[in-house]
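Q: I've got a model to go through with you. Can we take it piece by piece?

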Amino acid sequence: MTFFELLLEYGTEYLKALLMTWGLTALSFIFAGVLGIVLTICRLSPIKILRLVAEFYVQIFRNIPGAALLIILVYALPYLEVVLSYFNCVFIAVSLIVAAFFAENLLSGINTINSGQIEAARSLGFTFFQIIRYIVIPQAVRSSILPMTNLLIATMLTTSLASQVPLVPQDLTGIVDHINTHATGGILAFVISAVLYCATALGIGQLGNYIDRKVRIKR
């Protein structure tokens, strides 16, 4: 099939796949962000068990292959009488992995904060959670915009795990398998998906650079 024949016949499916990829990326990144913040707070906590649990989580999910985690969720959990939809399995797999990297990026941002600010807050009677809420997290997020931008792009690429399960509608990687199963899309089917991935990544990068310029902390 030619490029225009592909677009004419499968243009709607590509649009659905693009929207699925965007939606899965957004949901996974938001959930991972919330979990990543919780993990970061635990890693900074004065309670040792919380620090150990959070550190264990980060080390495990930062190093586990996404496909392996997805297989566990899809095929192993039913043996424990826990059956999740394919979408939820992909969403959870992506979110759990991304959360570990989110926590690492946020911790790197925290390391840029002058320790004198923390000491000043303590001298004013701020509690641990007040210091985290009003001083640490806001500055850490502002210092981590560019790494978080890269992580968001990585999250989008990780959603290609959805191609491993019969997700409907399919993602940008899954739609290629669908086309080459029902027609002869060949390399062009991959090229269209790659262009859509690249265009999305470039858009995210530009947005991240713009936000970074607006909120960057001048030191």
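Q: Start with L70. Buried or exposed?
A: L70 is buried, at 3% relative accessibility. Buried means under 20% relative accessible area, exposed over 50%, partly exposed in between (1.4 Å probe, protein chains only).

Q: What sort of model are we looking at?
A: It is a predicted model: local features need pLDDT of at least 70, side-chain atom pairs count only at pLDDT 80 or more, and totals for chains, interfaces and linings use all residues. Residues are numbered from 1 along each chain as its sequence is written, and side-chain values use heavy atoms, with hydrogens and water left out.

Q: Back to L70. Where is it, and what does it touch?
A: L70 sits in helix α3. Leaving out residues up to four places away in sequence, L70 touches C89, V90, A93, L161, Q164 and V165. Contact here means heavy atoms within 4.5 Å.

Q: Step back. What's the fold made of?
A: The chain has 9 helices and 0 strands. Its pattern along the sequence is α-α-α-α-α-α-α-α-α. Helices (H or I, at least four residues) and strands (E, at least two) are DSSP runs, numbered from the N terminus.

Q: What are the overall dimensions?
A: Along the principal axes, the C-alpha atoms fill a box of roughly 70 × 45 × 20 Å. Of the chain's 219 residues, 40% count as buried. Take the contacts between residues at least 6 apart in sequence: 77% of them join residues at least 24 apart.

Q: Now helix pairs. At what angle do α3 and α4 cross?
A: Roughly 140 degrees, and the axes of α3 (residues 66–76) and α4 (residues 86–110) come within 9 Å. Axes are lines fitted to C-alpha atoms, for helices over the stretch in contact, and angles run from 0 to 180 degrees between N-to-C directions.

Q: What do you call that arrangement?
A: α3 and α4 are oblique to each other. Angles under 35 degrees count as roughly parallel, over 145 as roughly antiparallel, 65 to 115 as roughly perpendicular and the rest as oblique.

Q: Which residues make the contact?
A: From α3, G66, L69, L70, L73 and V74; from α4, Y86, C89, V90, I92, A93, L96 and I97. By class that is 11 nonpolar, 1 polar and no charged residues. Ala, Val, Leu, Ile, Met, Phe, Trp, Tyr, Cys and Pro count as nonpolar, Asp, Glu, Lys and Arg as charged, and the others, Gly among them, as polar.

Q: How do α7 and α9 pack?
A: The angle between α7 and α9 (residues 186–215) is about 160 degrees, with axes 9 Å apart. That makes α7 roughly antiparallel to α9. The α7 residues I145, L146, T149, L152, I153, M156 and L157 meet Y197, T200, A201, I204, G205, G208, N209, I211, D212 and V215 of α9. This contact has 11 nonpolar, 5 polar and 1 charged residues.

Q: And what about α5 with α6?
A: α5 and α6 (residues 128–143) pack at about 165 degrees, axes 11 Å apart. The pair is roughly antiparallel. Q117, I118, A121 and R122 of α5 meet I131, I135, V136 and Q139 of α6.

Q: Where does E119 sit?
A: In α5, residues 115–123. E119 is partly exposed, at 46% relative accessibility. Its C-alpha is 9.8 Å from that of I131, 12 residues away in sequence.

Q: Switching to loops. Where is T159, and what does it touch?
A: T159 is in the loop between α7 (145–158) and α8 (174–182). Its relative accessible area is 0%, which makes it buried. Beyond residues up to four places away in sequence, T159 touches T21, L24, T25, V94 and D171.

Q: Last one: what is phi at E81?
A: Near 60 degrees, a positive value in a residue other than glycine. E81 lies in the loop between α3 and α4. E81 is exposed, with a relative accessible area of 74%.
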